[in-house]
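Trainee: Could you take me through one part of this protein slowly, and then show me how other parts of the chain compare with it? I am new to reading structures, so please go step by step.

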Amino acid sequence: MADSTMVRALQTEAWRQLQAHQSQLSNSGTRITELFAQDPQRSATLGLTCGNIHVDFSKHLLTTQTLMLLVQLAEAVDLPQAITDLFRGDAVNNTECRPALHMALRGLDVETHPDIKPDVDDALARMQTLVDAVHSGTWRGYSGKIIRDVVNIGIGGSDLGPAMVTRALRANHLDGIRSHFVSNVDPAHLSNCLSQLNPETTLFVVASKSFGTLETMQNAGQARRWLIAAADDQEQVRVNLHKHFIAVSANKQAAVDFGIEASQVFPVWDWVGGRFSLWSAIGLPIAMAVGMPRFRELLAGAELVDQHVATTPLASNVPVLMGLLAVWYRNFWDAGSHAVLPYAQDLELLPGFLQQLEMESLGKSVDRDGEAVAISTGPVIWGSAGTNGQHSFHQLLHQGTGFVPADFIAIASPSVADNLQQHQHLLANCFSQSRALMEGKTSQQAEQELLGAGEDGARAASLAKHKAVPGNRPSTTFLLDNLNAFNLGSLIALYEHKVFVQSVAWNINAFDQWGVEIGKQLSASAFAALNGDEAAAQTLDPSSQALIGLCLRQAGSTT
Ligand SMILES: O=P(O)(O)OC[C@H]1O[C@H](O)[C@H](O)[C@@H](O)[C@@H]1O
């Protein structure tokens, strides 16, 4: 690879030393368990705190030297300066010539952009007014009935964050309003949702930063037709549609053109990326579900992490370490994926949210200047709520070839007050999975266990090979005292900043997502072909032509 196409990190002395250090750790077969034996303080030293979240980095392939070299790498790529630039409001999203100022939504005062704070405060005040009006029953539907259901119509960043947080804060939901999220262009999604609802008591939030996203426009249009069609007096609905539709968008005119009252369009701004937007009015469904005081606690939890990132030395800066460890495993240990394992059913949507946050931000093959990156960038992010995964994919985590670094997320207090015992089982499983990944089991241990259980010698010896677990597989454990709005805000912000750290190390833009456009462009001609447009069909590749031909024949034969 020519020098001009190499990311800066690769040219640093720290990178070279990290390669040598990794070889040394790998060749010597260094085990995490040995690192604990050598340092009785390891758990305390590598257990950091950010707000109310304790982050245990001790179960990593991480020595004092690793940490030192990773911090040197961060300094060599000017991470402190990059953080300053981000917080100062520089156009860090260079391909779209924009800053990335989601931190301003949770309190950061950006001196270079003095217009932001009044706009943010005004939007929060408007959210408060709307939430109060709906909950107090001042805001009513076309027939005068109180709103009972709020349906968010949005996709990607206009869905995943609000849906995840609303789900996670289940225990804080206010009475009276049920929340729903519709994202997929598959008509089954909207139709399943609407089948449970009464149009007279349903409020739709059409959330789209661009107000041009196919899925959202299709679903919003269909929702409007449903509302009108269901009414006895359709004229009454038509003149009162504004009682059932509000929008959140950076494209106010498009929302107005769709038919939403200008006064009911809440703002997002171009300096907020879609996947970083749940802190803005895109978070309206969250505020509607848990109330504005809780929504503000969510913001405060994130703001605490912003301050931590901006002021804490690199070696004890939690998101910096999260990001540097991600680089360590991706580039030096060739880990192609990363598992997110929340041991909390209420966090079941977290892996999906993080997939967008991490994979849209870090799924890049060119650097900020458009040159090919010479190293691997974002890994595949996946996972699901524990303990379910233990009965499914954990087999691969324990015995598969290669390793998958994992994040375990545990909540100290029970989610259900009257069943402490099951909560203790949940925590016991969480901590034991990370322990099992680290310690593993030798075939000798397995053989002894089998013999102890009465197995005969030959079978014990052969079965032991299958029961051995390599161990030495790294994980981080995040321990929250409670799954409340403040702590959840902190947790999400930790991941946001982690992603930024990785992007700096790899010299890629974390805030654009040009790759998603190609599919949108191509779907127009496929749609035309599905509608019988022969000329459009001829522009498709042979496989698509054949598939569409089959669809048309099969649909034809069933109608
Ligand atoms: O909010 P919208 O403009 O409707 O965008 C919704 C989503 O669509 C896109 O295709 C992007 O990949 C996402 O980053 C974005 O969050």
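This is a predicted model: local features need pLDDT of at least 70, side-chain atom pairs count only at pLDDT 80 or more; totals for chains, interfaces and linings use all residues.

Strand 3 has a partner. It pairs with strand 4, residues 178-182, in the parallel sense, and 5 bridges link the two. To see the pairing for yourself, find asparagine 152 and look across to strand 4, where phenylalanine 181 stands opposite.

Setting aside neighbours within four places in sequence, histidine 173 is in contact with Ala289 and Val290. Phenylalanine 36 is another matter: 137 residues separate it from histidine 173 along the chain, and their C-alpha atoms are 42 Å apart.

Next, the domains. The chain is divided into domain 1 (104-296) and domain 2 (515-557), and their centres, taken over C-alpha atoms, are separated by 33 Å.

There is also a ligand to find. It has 14 residues around it, and those that come nearest are Gly156, Gly157, Ser210, Thr213 and Gly274. Sorted by class, this shell holds 9 polar, 3 charged and 2 nonpolar residues.

Finally, let us turn to the database record. In an unreviewed entry, UniProt lists Glu360, His391 and Lys520 under "active site". These residues span 161 residues in sequence, and the farthest two C-alpha atoms are 36.9 Å apart, so they do not all gather at one spot.

Glutamate 360 belongs to helix 15, residues 350-362. It has 22 C-beta neighbours inside 10 Å and therefore counts as buried. Not counting residues up to four places away in sequence, glutamate 360 touches Arg275 and Gln513. Histidine 391, in turn, is found in the loop between strand 9 (380-382) and helix 16 (394-399). Histidine 391 is exposed, because 9 other C-beta atoms lie within 10 Å.

Notes: Residues are numbered from 1 along each chain as its sequence is written. UniProt positions are given in the numbering used here, feature names are shortened, and annotations may be inferred rather than shown by experiment. Helices (H or I, at least four residues) and strands (E, at least two) are DSSP runs, numbered from the N terminus. A residue is buried if 20 or more other C-beta atoms lie within 10 Å of its own, exposed if 12 or fewer, and partly exposed in between; C-beta atoms are placed from the backbone. Two residues are in contact if their C-beta atoms, placed from the backbone, lie within 7 Å. Domain bounds come from an automatic or database domain assignment. A residue is near a molecule or strand if its C-beta atom, placed from the backbone, lies within 6 Å of it. Ala, Val, Leu, Ile, Met, Phe, Trp, Tyr, Cys and Pro count as nonpolar, Asp, Glu, Lys and Arg as charged, and the others, Gly among them, as polar. Two strands pair if DSSP finds at least two bridges between them.
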